[in-house]
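Please keep the sequence and the 3D view open while reading.

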Amino acid sequence: ADRNLVGAWWPLIEQAAEVCMGESGHPGLRWLEDLSLMSSSGLGSSRYAAYLYANACAVAGLRAASRLAKVLNKSGAAAAWLERADRIANVGILGE
């Protein structure tokens, strides 16, 4: 990855990842600790509490953000985002 490009976009990447963590206070996504899933403001989550589509998007976004954080040697953010993505995927979605 182009380190300069990632650095230029870092504030947006970081903000998006924090929203995907579900604890930023953003009204669009919130973390459901007991389910290990995200709940969104979308129709699916309104009906089912935690919808697969929103959670799959959060997993993909967090994993991508984690890889980009590694490019900038931001290991703390990379680890936290990957851990949350894996928890959503493995515990919340797959029930492992």
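## Terms and model

A residue is called buried when its relative accessible area is under 20%, exposed when that area is over 50%, and partly exposed in between, using a 1.4 Å probe and protein chains only. At 71% relative accessibility, Asp-34 is therefore exposed.

This is a predicted model, in which local features need pLDDT of at least 70 and side-chain atom pairs count only at pLDDT 80 or more, while totals for chains, interfaces and linings use all residues. Residues are numbered from 1 along each chain as its sequence is written, and side-chain values use heavy atoms, with hydrogens and water left out.

## Confidence

The predictor gives each residue a confidence from 0 to 100, called pLDDT. The chain has a mean pLDDT of 91, and 91% of its residues reach 70 or more. Helices (H or I, at least four residues) and strands (E, at least two) are DSSP runs, numbered from the N terminus. Confidence in the chain is highest in helix 4, at 97, and lowest in helix 2 (residues 43-48), at a mean of 59.

## The nonpolar core

In soluble globular proteins, nonpolar side chains tend to be buried together. A nonpolar core is here a set of buried Ala, Val, Leu, Ile, Met, Phe, Trp, Tyr and Cys residues joined through side-chain atoms within 4.5 Å. Which residues touch the most other members of the largest core? Among its 24 residues, they are Trp-10, Met-38, Leu-62, Trp-81 and Ile-88. At least two residues of this core come from each of helix 1 (3-21), strand 1 (29-32), strand 2 (37-40), helix 3 and helix 4 (75-93). Helix 1 gives the most, with seven residues.

Contact means heavy atoms within 4.5 Å. Leaving aside neighbours within four places in sequence, Trp-81 is in contact with Trp-10, Glu-14, Ala-17, Glu-18, Met-21, Leu-62, Ala-65, Ser-66 and Ala-69.

## Ser-66

One of the contacts of Trp-81 is Ser-66, a residue of helix 3 (residues 52-71). Ser-66 counts as buried because its relative accessibility is 1%. With neighbours within four places in sequence left aside, Ser-66 is in contact with Ala-78, Trp-81 and Leu-82.

The side chain of Ser-66 also reaches the backbone oxygen of Ala-78, at 2.8 Å. This is a polar contact, a pair of N or O atoms within 3.5 Å; within protein, one must be able to donate a hydrogen and the other to accept it, and residues adjacent in sequence count only if both atoms are side-chain atoms.

## Salt bridges

Side chains of opposite charge can pair when their charged atoms come close. A salt bridge is a side-chain nitrogen of Lys or Arg within 4 Å of a carboxyl oxygen of Asp or Glu. By this rule, the count is three.

Arg-84 pairs with Glu-23, with the closest N and O atoms 3.3 Å apart. Arg-84 lies in helix 4 and Glu-23 in the loop between helix 1 and strand 1, so this bridge ties together parts 61 residues apart in sequence. Arg-84 is buried, at 11%, whereas Glu-23 is exposed, at 54%. Glu-33 and Arg-87 form another bridge, their closest N and O atoms being 2.7 Å apart. Glu-33 is in the loop between strand 1 and strand 2, Arg-87 is in helix 4, and the two are 54 residues apart. Arg-63 and Asp-86 also meet in a salt bridge, at 3.1 Å from N to O. Arg-63 belongs to helix 3 and Asp-86 to helix 4, 23 residues apart.

## Cysteines

How many disulfides does a search of the whole structure find? The search finds zero. A disulfide is a pair of cysteine sulfur atoms within 2.5 Å. The sulfur of Cys-20 has its closest cysteine sulfur in Cys-57, 8.4 Å away, which is too far for a bond. Cys-20 is buried, with a relative accessible area of 15%, while Cys-57 is partly exposed, at 37%.

## Two loops

Asp-34 is in the loop between strand 1 and strand 2. Asp-34 and Gly-92 are 58 residues apart in sequence, and their C-alpha atoms are 9.2 Å apart in space. Ser-36 is in the loop between strand 1 and strand 2. Ser-36 is not a glycine, although its phi is positive, at about 55 degrees. Ser-36 is buried, at 5% relative accessibility.

Asn-73 is in the loop between helix 3 and helix 4. Its phi is positive, near 60 degrees, in a residue other than glycine. Asn-73 is exposed, at 63% relative accessibility.
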